Each structure stands twice: as C-alpha cells, then as structure tokens.
Amino acid sequence: MSIPRARRLGRVTAVVVALVVAGLAAWGARAWHGSRLPSTYDVMELGVADYGGGAPAPHRAPLAGHSPGGADRALSVAHLKGPRGGEPDFRTTLTARRATVPLPSGKALDAWTYNGRVPGPELRVRQGDLVEVTLLNADIEEGVTIHWHGVDVPNAEDGVAGVTQDAVLPGRRYTYRFRVEQAGTFWYHSHQASSKQVRRGLYGAFVILPRRPPPRRARELAVVAHTFSGARTLGSSDGIARRAIPAGTPVRLRVINSDSLSRQFALSGTPFRVLAIDGTDLNEPTLLERETLELAGGGRYDLGFTMPRATAQLHWLGTGAALALSPDGKGVLPEPAAAAEFDPSRYGSPREKPFDLTSDFDRSFVVDIDKRFGFLDGKFGRHWTVNGKLLPHLPTQVVSEGDLVKMTFVNRTEEDHPMHLHGHHMLVLSRNGEPVAGTPWWSDTLNVRPGERYEVAFRADNPGVWMDHCHNLEHAAEGLVLHLAYEGVATPFRVGGGARNHPE
Ligand code: C2O
Ligand code: CU
C-alpha cells in the first residue's frame with residue numbers, strides 16, 4: 001500500500017488552502033496597493049470620467065489630466081475669475097486666527113476664527129453688488145480659504161484648496177472678487193481641512209439682501225447653529241438669547257446649519273412661513289403653525305412672521321439653545337412638544353419651472369451611495385462607495401457648458417448625506433419617485449436620508465471644476481467627494497504636495 005488515503009487527502013487540502021491563502025494575499029496586496037492615494041494629485045486625474053450618456057467632445061481633451069497635451073488646450077480654472085476691475089460695492093477683510101472666545105454660559109472656546117469671533121462677522125451685501133473680500137491668515141498653520149457656500153460664484157472665487165486655489169498659509173493673503181446675482185441666505189467657511197476647520201469655528205453668515213429693499217420697519221436676523229465640542233450655539237450664544245422687537249414688525253429669520261449633522265428646529269409663539277430654502281425664495285408659502293423644521297448639514301431656511309405681542313422663539317430642539325424675540329426683550333417659552341415635520345416637497349404653489357421630469361436631458365448621472373468592505377488609502381474597512389466604487393475610483397461627472405443635467409441621488413446607507421453641489425443650484429424634481437408637488441424647490445445642499453432617492457436637475461452654466469460632496473464634512477473627509485468637471489477646463493492646483501492642500 002502506498003500513502004494512506006487520509007494522509008493523501010490531508011496533503012491535497014493543505015495545498016488547496018495554501019493556494020487560496022496565497023491567492024487572497026495577492027488579491028489583498030493588489031487591492032491595498034490600488035487603493036493608495038498618491039501624496040499629491042490633480043482631482044481630475046483621480047476620478048473616473050462619467051459622461052452621463054453624453055459623448056465626450058472629440059475635439060478636446062475630455063479630462064485635461066487624462067490626455068497628454070490636453071492641459072495646454074484646456075482653460076485653467078485660475079482664469080475663471082470674477083470681475084478684476086471696478087470699485088467694489090462691498091469690501092472687507094477677514095483675518096483667520098486662533099482666539100479664545102467666551103460664551104454667555106461662562107464657557108470659553110479655544111477656536112479658529114475669522115476676525116477673532118465665532119461665528120465670523122455676518123457679511124451683508126445687496127444683490128448686484130461687486131463684493132471684494134481679502135482673506136489674511138494670521139496663524140492657522142495648515143492654511144485656510146473661504147468658500148461661499150451656496151453662492152454660485154465664478155470657479156476661481158470658490159475657495160476650494162487644491163481645486164480652485166492654494167491654501168492661504170500664515171502671513172499670506174488672497175482676494176476674492178465676485179458679483180452677487182442671487183438674493184438669500186448663504187454662509188462662508190474654510191475649505192481647507194474643512195471637516196476640522198469648520199468645526200473649530202472658521203465659518204460665518206453671508207446674507208444677500210434683495211435688490212428691492214424690504215420695508216424699513218422689517219427686521220432681518222441671521223442665526224447660525226453650530227456645535228463646539230458639546231456646546232450648542234445659536235449665533236454667539238450657547239443659551240437663550242433675547243432680542244427686543246416691537247409687536248407688528250415683519251421679521252425674516254435666516255437659520256443656517258453649519259454642523260455636519262441634520263438639526264431640528266421649531267418656531268413657537270407665532271404662525272410663520274418658510275420663505276426660502278438654500279437662498280432661494282419659495283412660491284406662495286402658506287402659514288405654518290407647529291411644524292418642526294429639519295435642516296440639512298450646511299442647509300438654510302428663511303422663516304417669516306409678524307412679531308406677536310408676546311414671545312416668538314426659535315428652539316434648537318433637544319438643546320438648551322434658543323432665540324427668544326419679544327417686544328420687551330423678556331419672556332421665554334418652553335420647548336414645544338413634538339409635531340409633524342415640514343415637508344418642502346408639498347409646500348406653497350407650483351409655478352413654471354425651467355425644466356422638469358419630462359425634459360430632454362443632455363446628461364444623466366446616478367450617485368448611488370453605499371458602504372462596503374474594501375481598502376481605502378491602504379486601510380481595510382467599511383468605506384463609502386459611489387456606484388459601488390471607492391475613492392480613488394469615484395466618478396467625475398463630465399458636462400459641457402449649456403448642458404441640461406439630471407442627477408439621481410440614492411442613499412443605501414444608514415446615515416443622512418446632505419449632498420452639496422458647488423457653483424450651481426439644483427431643482428428638486430422628485431423624491432422616492434414622487435414628483436415635487438408644490439413650489440419650485442431649489443437646493444444647493446440636499447439632505448438624502450437613508451433609503452431615499454432624489455432626482456434633481458440643473459443647467460451647466462458655470463464652467464469650472466466643482467466639488468459635489470456630502471456636507472457631513474466627516475463623510476467628505478472619509479472620501480464621499482465627487483467632482484463636476486466641464487469639458488475643456490483643467491485645474492493647475494493639486495491636493496497634497498508642497499502647497500499642503502487638503503480640501504476635506
Ligand atoms: Cu460648504 Cu464644499 O462646502
Ligand atoms: Cu454623508
């Protein structure tokens with residue numbers, strides 16, 4: 001007899017196991033290696049071009065970085081600036097620096113600020129103004145920028161480190177110039193290491209008043225909700241802030257969520273209307289009584305009401321932060337009981353829209369967000385994916401100027417994803433297959449909740465290389481970042497490298 005059967009079988013098994021292990025190791029090594037991000041890169045080289053069913057223009061480099069010689073025929077984003085000449089209608093300087101900021105509760109924040117305050121100064125300009133803001137960096141070691149969240153500025157003014165400019169290092173300056181054609185509630189924040197810098201305080205409100213001024217009696221208030229390591233603040237207050245406003249005064253209260261997570265608010269003591277979402281007025285908003293309002297991370301709602309004789313109060317639900325308005329500046333209301341949630345998809349009345357679900361789209365993109373096991377920059381774990389792919393293989397959406405673009409966002413994960421497209425406003429067409437029924441609803445930061453599917457559309461009318469990312473900035477830092485690229489446009493800036501650009 002030769003080798004007993006059992007021993008033979010044992011050997012075969014061992015060989016098979018060894019082969020499988022070796023195969024897995026080889027696969028793992030390749031996957032690990034393929035997932036490594038270069039220490040410096042052009043965002044246009046990183047993504048995988050997605051033409052959304054449109055053809056790449058044959059006469060141009062589709063993505064400048066992809067084809068040799070493409071870059072010199074391409075237009076540099078650095079040239080896509082706002083007006084260089086002309087006296088600005090609004091001019092200011094913002095200095096980024098570290099500061100200790102006291103809160104009314106007695107707590108002190110160890111903050112990174114614009115001009116030593118959190119929020120940074122509220123910038124108030126008028127529609128049509130030429131705005132000039134000079135950013136100085138006093139002492140933020142890793143550099144800073146200013147991004148004008150929701151303002152559809154020319155690409156070179158967009159303030160994204162490594163995409164539209166280099167981070168502004170200590171002792172350096174950068175001047176932003178653009179004309180504002182929108183009117184509404186926006187905000188500004190650093191887009192260098194934004195997940196950390198915004199959290200630490202580099203943000204502020206940016207209000208564009210309409211060309212036609214509101215009645216003189218009207219009051220305008222902007223309030224930013226922000227969390228500093230546990231301290232909940234509305235504006236610069238971490239408790240109940242009070243303001244005296246005479247009864248009968250028309251009030252526009254602009255609520256901005258600068259946190260990464262969705263936040264819930266309620267306005268009690270008065271009926272109110274939601275006048276605008278993400279800096280765009282709604283059509284014929286009706287009176288609401290008790291609805292609670294959920295703001296996406298980075299989102300804004302403008303609330304309108306007439307000052308009652310008693311107190312009207314904005315509550316940041318579940319926190320001790322509130323803004324109490326009353327004719328005598330006194331009085332506080334208890335936090336209201338839970339109520340139905342405001343739904344923008346069936347509010348106000350319809351009005352003619354420039355496009356809808358039946359339009360003929362030049363490009364259609366799907367952004368299907370999931371979480372899967374794999375390697376991300378050499379680390380194995382469950383990471384965000386788009387259309388099944390992990391960074392650096394996420395799609396870059398390529399469009400041509402003038403295209404009508406449809407985008408479908410699908411969230412297969414268990415967390416909210418407030419999707420923020422730079423440089424454009426998206427018209428929301430449908431949610432979970434249901435067409436939007438009321439007012440036209442334009443958004444720049446659309447919260448896509450677990451299990452939800454949204455169809456949105458926009459006109460590609462602002463050439464450049466634009467970020468399109470989740471505004472839960474931790475998610476963005478974990479790789480949930482896409483880019484919208486116009487054909488024939490390239491960026492000379494790089495992430496990483498000597499300029500130390502890290503937009504997320
Ligand atoms: Cu509010 Cu990409 O930013
Ligand atoms: Cu997200």
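Me: In this predicted model, which residues make the nonpolar surface patch of about 510 Å²?
Reply: A patch is made of residues with over 30% relative accessible area and no salt bridge, and nonpolar side chains are joined into one within 5 Å. One member of the patch, Leu-24, has its place in helix α1, which covers residues 5-35. At 54% relative accessibility Leu-24 counts as exposed, because exposed means over 50%. The residues that make the patch are Val-12, Val-16, Val-20, Leu-24 and Trp-27.

Me: Which residues coordinate the copper ion (ligand 2)?
Reply: Along the chain, the donors of the copper ion (ligand 2) follow the spacing H-x52-C-x4-H, and they sit at 2.0 to 2.1 Å. The atoms that do the coordinating are two ND1 atoms and one SG atom, and the residues they belong to are His-417, Cys-470 and His-475.

Me: Are Cys-470 and His-475 buried or exposed?
Reply: The relative accessible area is 0% for Cys-470, while for His-475 the value is 3%. Since buried means under 20% relative accessible area, Cys-470 falls in that class, and His-475 too is counted as buried.

Me: How many aromatic pairs are there, and what kind of pair do Phe-342 and Tyr-347 form?
Reply: The count of aromatic pairs comes to 15. In the pair of Phe-342 and Tyr-347, the ring centres are 4.8 Å apart and the planes make an angle of 85 degrees. Both of these residues, Phe-342 and Tyr-347, are buried. Because planes over 60 degrees apart count as edge-to-face, the pair of Phe-342 and Tyr-347 is edge-to-face.

Me: What kind of aromatic pair do Phe-373 and Phe-380 form, and are Phe-373 and Phe-380 buried or exposed?
Reply: Phe-373 and Phe-380 lie 6.0 Å apart from centre to centre, with 15 degrees between the planes, and because planes under 30 degrees apart count as stacked, this pair is stacked. The relative accessibility is 59% for Phe-373 and 52% for Phe-380. With exposed meaning over 50%, Phe-373 counts as exposed, and Phe-380 also counts as exposed.

Me: Which residues do ring pairs link into a cluster, and which ring has the charged end of Lys-371 over it?
Reply: The cluster linked by ring pairs holds Tyr-114, Trp-148, Tyr-174, Tyr-176, Phe-178, Tyr-188 and Phe-206. As for Lys-371, its charged end sits 4.3 Å from the centre of a ring, and that ring belongs to Trp-384.

Me: Where is the cis peptide bond that has omega near -10 degrees, and where is the one with omega of about 5 degrees?
Reply: Pro-119 is found in the loop between β5 (108-114) and β6 (120-126), and the cis bond with omega near -10 degrees runs from Val-118 to Pro-119. Pro-392 is found in the loop between β24 (379-386) and β25 (395-399), and the cis bond with omega of about 5 degrees joins Leu-391 and Pro-392.

Me: What is the phi of Asp-278, and what is the phi of Asn-387?
Reply: Asp-278 lies in the loop between β17 (273-277) and β18 (280-281), and with a relative accessible area of 2% it is buried. Asn-387 lies in the loop between β24 and β25, and at 33% relative accessibility it counts as partly exposed. Although Asp-278 is not a glycine, its phi is positive, about 45 degrees. Asn-387 is likewise a residue other than glycine with a positive phi, and its value is near 50 degrees.

Note on methods: Residues numbered from 1 in each chain as written. Chains lettered and ligands numbered in written order. Predicted model: local features only at pLDDT ≥ 70, side-chain atom pairs only at ≥ 80, totals over all residues. Heavy atoms only, no water. Phe/Tyr/Trp six-rings, centres within 6.5 Å; stacked < 30°, edge-to-face > 60°. Buried < 20%, exposed > 50% of the residue type's maximum accessible area, 1.4 Å probe, protein only. Lys NZ or Arg CZ within 6 Å of the ring centre and 35° of its normal. Donors = N, O, S within 2.8 Å, 3.2 Å for Na, K, Ca; no water. Patch = residues over 30% accessible without salt bridge, like charges linked within 9 Å, V, L, I, M, F, W, Y side chains within 5 Å. Areas by Shrake-Rupley, 256 points an atom, 1.4 Å probe, with all protein chains shown as cover. Salt bridge = Lys/Arg side-chain N within 4 Å of Asp/Glu carboxyl O. Helix = DSSP H or I, 4+ residues; strand = E, 2+ residues; numbered from the N terminus.
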